[in-house]
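Have a look at the model first, then read on.

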Amino acid sequence: MQISKLNKSRIGEIDFQNLPFGTVFTDHMVIARYRDDSWSEPQIIPYGDFKISPAANVFHYGQAVFEGMKAYKDGQGQILLFRPMDHCLRLQKSAQRLNIPPVDTELFFKSLKELLKLDHQWIIPGKENSLYVRPFIIGDSPKIQVSPSKTHTFMIICSPARSYFEENQQIRVIINTNHSRAAIGGVGNVKAAGNYAAQFYPTNIAVESGYQQLIWTDATTHRYIEESGTMNMVFRIGETLVTPPVSDRILDGITRRSVITIAKNQGIPLEIRAVKISEIIEGSLNGSLKEIFGVGTAVVVCPISEFSFENKTYTAHWPRKTYAQVFKKMITDIQHNLANDPFGWRYVVN
Ligand SMILES: *Cc1c(COP(=O)(O)O)cnc(C)c1O
C-alpha cells in the first residue's frame, strides 16, 4: 500500500482534554478510488482537503454511505477495535442499497489497520478515550444527470474522542409524531448520508424547545417507538428488557446487538417486539417503566431521564442498580481490554 507521510505530526497542537466531538482529525486518511469498474489499491495520505468536481453525484443526489466505529488502546499499547467485521459488512450493505459498489472486506481491513498503526499516537489509553473511525464512500462522477455515479471514492478519517455525553449524563427527549425518519422499503436500515440530513430540521425544533434529541415513531401510525437520533431504543419494563425489532425502518445497531447478547448471557428477560407510546406512558404512570436508554457506538449507552409526548413529560422509575450500567460496563470493559471477551468481539490490530 502506498503511504505518504506527513512531515511533522499535528498531535502536539491538540488539547485532548477539550475535544468537541468530531472536529479534530488525525494526521492521515485512507483514500481509494473506484474507476473503470473496480476499486484501486488504497493509499494513505496526509489528512486534508481534496479536489472533487462540483458536478459530483454526492452533492446533487446524495449518493453516499458511511460507518461509525471506534478504536481503543489498552495498557499494553495494543490497538483494539470492537466488532469491526460487523461494521465492514454493514458498510457493504449500505453501499449496495445506494447502488454504490461495496469495498471488499480485504481492502477495508488492510487500509483501516495501516491507518490506525500509522496514527496510533492519536489513540489515547484509558476508558474515557477512543478514536472515532469514519469510513465512507461517495459517488463522484462529474455529471448532474440523474443516474448512479460510475466513479466513487472510499475514505477513512479518524477523530479522537472523549466520552461523548459526560459520564452518567442523562438526556431529555421529545417523541415526534409529525415527521418520519424512515419508511417501509426505504433506506432507514442503512447508513445513507441523506437520512441524517433529513433529521436535522425536526431535531433542531426539539433542541429549541429544550430537548437534546427526539424519538422517532413509525411513519404509518406514529404510535410505535422506533429510534432516537442515531441510537436504538431500549426499555426496561418491570424486570424485562424490551427493544423494537430491526426492520426496513430501524437500523441494525451493533451496540443493540451486543446488548441483546449480553442480556441473554446474563439471564435478563428480553422481549424483541414493537413498543407502543401508550405502553411506556402507562409504565411511567404505574411505576413499571424502570429504564429508558439509547444505545449506539458514539455513546454506548445513553440514559434518557425524561420523555415528552403531547406537552406532558414522563419519567422512568430508575432503580439504584440498572441494566444500563451493566451493559455499559461490560461493553466498555471488553472494548478497552479490561475484561474477558467471551463473545469474540475484540479485535487486535497488528
Ligand atoms: C449508527 C446508528 C445506530 C447505532 O448503530 P451502532 O452500530 O450501535 O453504532 C442506530 N440508529 C441509527 C439510525 C444509526 O445510524
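The points below go from the overall fold to the ligand site.

This is a predicted model, in which local features need pLDDT of at least 70 and side-chain atom pairs count only at pLDDT 80 or more, while totals for chains, interfaces and linings use all residues. Residues are numbered from 1 along each chain as its sequence is written, and side-chain values use heavy atoms, with hydrogens and water left out.

**Overall fold**
- The protein has 7 helices and 19 strands, taken as DSSP runs numbered from the N terminus (helices H or I, at least four residues; strands E, at least two).
- Along the principal axes, the C-alpha trace spans about 60 × 50 × 35 Å.

**Around the ligand**
- The ligand is surrounded by 15 residues (a heavy atom within 4 Å), and the closest are Lys 191, Tyr 196, Glu 227, Thr 255 and Thr 297.
- By class, these shell residues are 4 nonpolar, 7 polar and 4 charged (Ala, Val, Leu, Ile, Met, Phe, Trp, Tyr, Cys and Pro count as nonpolar, Asp, Glu, Lys and Arg as charged, and the others, Gly among them, as polar).

**Polar contacts and cover**
- Polar contacts here are pairs of N or O atoms within 3.5 Å.
- From Ile 254, a backbone N or O atom lies 2.7 Å from an oxygen atom of the ligand.
- Of the 380 Å² of accessible area that the ligand has on its own, the protein covers 97% (Shrake-Rupley method, 1.4 Å probe).
- Strand E13 (231-237) and helix H5 (254-265) are the elements that give two or more residues to the shell around the ligand.

Terms used: A polar contact is a pair of N or O atoms within 3.5 Å; within protein, one must be able to donate a hydrogen and the other to accept it, and residues adjacent in sequence count only if both atoms are side-chain atoms.
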